[in-house]
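Thanks for coming. I have one model to go through today, and I will keep to what can be computed from its atoms.

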Amino acid sequence: MGKPTGFLEYQRQTNAGEGPLERTAHYREFHVRLDREARRRQGARCMECGVPFCQSGAVLNGMVSGCPLHNLIPEWNDLIYQGNFKRALGRLLKTNNFPEFTGRVCPALCEAACTCGLNGEAVTIKENELGIIEDAWEQGLMAPRPPEVRTGMRVAVVGSGPSGLACAAQLNSRGHSVTVFERADRPGGLLMYGIPNMKLEKTIVQRRTELMAAEGVVFRTGVDVGRDLDPRALVEEHDAVVLCCGAAKPRDLQVPGREGEGVAFAVDFLGATTRSLLDSGLKDGRYLSARDKDVVIVGGGDTGNDCVGTAIRQGCRSVVQLEMMPKAPDSRSEDDPWPEWPRVCKTDYGQEEAIARFGHDPRIYQTTLTEVLRDESGALTGVKTVKLTPSLQQVEGSEEILPCGLLLIAAGFLGPQDYLPEALGLERTPRSCVQTPVGRYATSVPKVFAAGDMRRGQSLVVWAIQEGRAAAREVDEFLMGYTDLY
């Protein structure tokens with residue numbers, strides 16, 4: 001535990017950030033980490049609570065409470081308090097391959113289950129985690145550690161998102177020869193092209209993949225397995241193949257006027273902006289710009305929020321976010337007790353920036369889009385919306401027209417794209433994900449495994465890492481007859 005009375009003596013202190021208006025002038029991360037002494041005080045707030053729900057990953061009332069990776073949170077919080085950041089690093093990396101990712105983009109399921117949050121403010125678990133790993137990078141502790149012995153087994157991992165990277169890292173540490181195939185021009189998957197720079201700067205992804213390469217993982221980018229490379233040949237040439245291709249099939253809108261210019265999927269909008277930013281600092285113009293446009297975003301989740309923040313940085317005239325569901329309460333209701341995940345309204349960074357820029361929350365609740373409006377030349381001019389009841393029935397007479405010069409669809413994903421699973425003849429679930437036995441990762445095709453969003457459906461980075469690690473254990477046992485991977 002941390003200091004026995006730490007939660008009484010010290011208040012929760014989070015990393016300070018730039019103001020909403022100041023940070024929209026750039027695409028960089030905008031939080032500054034606490035120094036070591038302040039971080040020690042935050043570690044001291046972790047108490048000996050008897051049952052640490054923070055690391056449980058238990059399903060309560062249909063939602064996960066605590067960390068799916070079962071991070072050893074009380075242990076490394078205590079080590080932070082003691083000032084032993086090096087030992088804390090070892091305990092953190094025991095369960096999480098990429099704390100620098102989860103420490104930035106995870107919604108912190110752990111903090112929602114923190115005992116201190118029952119009658120006060122939770123421990124800054126997510127930021128403590130980030131403090132440990134970033135301190136390690138600064139101190140030169142994150143040096144390559146290639147395996148001393150190779151097994152002679154060859155494994156192909158298709159996809160370099162968080163599940164693919166975690167699986168590759170684990171199997172490589174075991175001594176297998178791992179090649180990661182990525183269809184984009186840079187490794188990282190959604191970490192590279194799905195999450196904007198201001199949440200996760202791409203130098204953070206690059207330094208990790210460079211470290212993995214130095215440890216022996218081979219990255220082959222610009223290779224689209226299923227189109228550029230026959231997946232059946234890949235299976236023949238390797239001892240095992242792990243598919244970690246994500247849930248890259250976006251949910252579309254089936255409304256009049258959908259086809260034509262001015263409408264894009266959120267992932268394409270975000271990815272093109274990031275690629276142009278990395279290639280030329282946005283000077284090449286090879287992205288869909290929101291400058292001087294009225295932007296309408298369909299979808300009120302994290303991806304929609306990322307679109308809000310990106311559109312504002314590009315100089316949009318206005319931005320609204322359409323959300324089908326009612327606004328969540330601002331505080332826990334009686335039927336949403338701790339340590340369940342709190343079903344409360346969260347105002348994220350993009351929405352904060354919209355409030356500061358335009359004077360109001362961009363979200364419009366219980367509203368859906370019914371038609372995309374175009375002029376005689378086919379140019380996008382607006383969208384027609386209608387209000388919804390809590391049961392998602394349209395409210396007659398509630399139609400409204402919103403000006404729109406750019407429509408972004410952030411309505412979630414339906415599963416993996418079809419061409420690779422179909423090429424291998426893989427069994428699919430009703431949600432079109434790759435079918436595996438419950439709690440297992442082997443597919444219906446011998447030597448082929450699946451993990452991450454491709455197997456479980458659209459989810460969080462922390463779940464993708466958990467899936468990649470679990471798949472690696474199963475692959476290792478398949479190859480060697482036993483496994484000592486955690």
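First, the ground rules. This is a predicted model, so local features need pLDDT of at least 70 and side-chain atom pairs count only at pLDDT 80 or more, while totals for chains, interfaces and linings use all residues. Residues are numbered from 1 along each chain as its sequence is written, and side-chain values use heavy atoms, with hydrogens and water left out.

Helices. Helices here are DSSP runs of H or I with at least four residues, strands are runs of E with at least two, and both are numbered from the N terminus. The expected span of a helix is 1.5 Å times one less than its number of residues. Buried means under 20% relative accessible area, exposed means over 50%, and partly exposed is in between, with a 1.4 Å probe and protein chains only.

Start with α19, residues 461-480. This helix has 20 residues and reaches 28 Å from its first C-alpha to its last, close to the 28 Å expected. Of its 20 residues, 16 are buried, so α19 is largely enclosed by the rest of the structure. G481 follows α19 and has a positive phi near 90°.

Next, α14. It has 15 residues and reaches 21 Å between its first and last C-alpha, close to the expected 21 Å. Its buried residues are A266, F269, L270, G271, A272, T273, T274, S276 and L277. A general point on such patterns: an α-helix has 3.6 residues a turn, so residues three or four places apart point the same way. The cover over the buried residues of α14 includes α11, α12, β9 (263-265), α15 (302-314) and β16 (406-409); contact is heavy atoms within 4.5 Å. After α14 comes G281, with a positive phi near 65°.

That brings us to α12. Its 13 residues should span 18 Å, and its end C-alpha atoms are 18 Å apart, which agrees. K202, I204, V205, R207, R208, T209, L211 and M212 are the buried ones. Among the elements covering them are α6 (99-105), α9 (125-138), β7 (218-221) and α14 (266-280). G216 follows α12, with a positive phi near 120°.

On a 1 Å grid over the protein atoms alone, a cavity is a set of points where a 1.4 Å probe fits but cannot get out; a pocket is an open set with protein on both sides within 12 Å along at least five of seven lines; lining residues have an atom within 4 Å of a point. Grid points are joined across faces, edges and corners, and a volume is the space filled by probe spheres set on the points.

The second largest pocket holds about 800 Å³ of space. It is lined by 27 residues, and L93, R145, Q170, S173 and E215 are the closest to its centre. The elements giving two or more residues to that lining are α5 (85-93), α10 (162-173) and α12 (202-214). By class the lining has 13 nonpolar, 6 polar and 8 charged residues; Ala, Val, Leu, Ile, Met, Phe, Trp, Tyr, Cys and Pro count as nonpolar, Asp, Glu, Lys and Arg as charged, and the others, Gly among them, as polar.

There are 4 cavities of 30 Å³ or more. The largest cavity has about 110 Å³ of space. Its lining has 15 residues, with C67, N71, C106, C110 and E129 nearest the centre, and α9 gives the most, 3 residues. The second largest cavity has a volume of about 90 Å³, and its lining has 11 nonpolar, 1 polar and no charged residues.

Cysteines. How many disulfides does the structure hold? It holds 0, a disulfide being a pair of cysteine sulfur atoms within 2.5 Å. The sulfur of C316 is 11 Å from the closest cysteine sulfur, in C307, too far for a bond.

Last, the backbone. Most residues other than glycine have a negative phi, and most peptide bonds are trans. N61 has a positive phi near 55° and is exposed at 54% relative accessible area. K447 has a positive phi of about 75° and is partly exposed at 28%. W338 and P339 are joined by a cis peptide bond, with omega about 5°. P339 is in the loop between β11 (318-322) and α16 (349-358).
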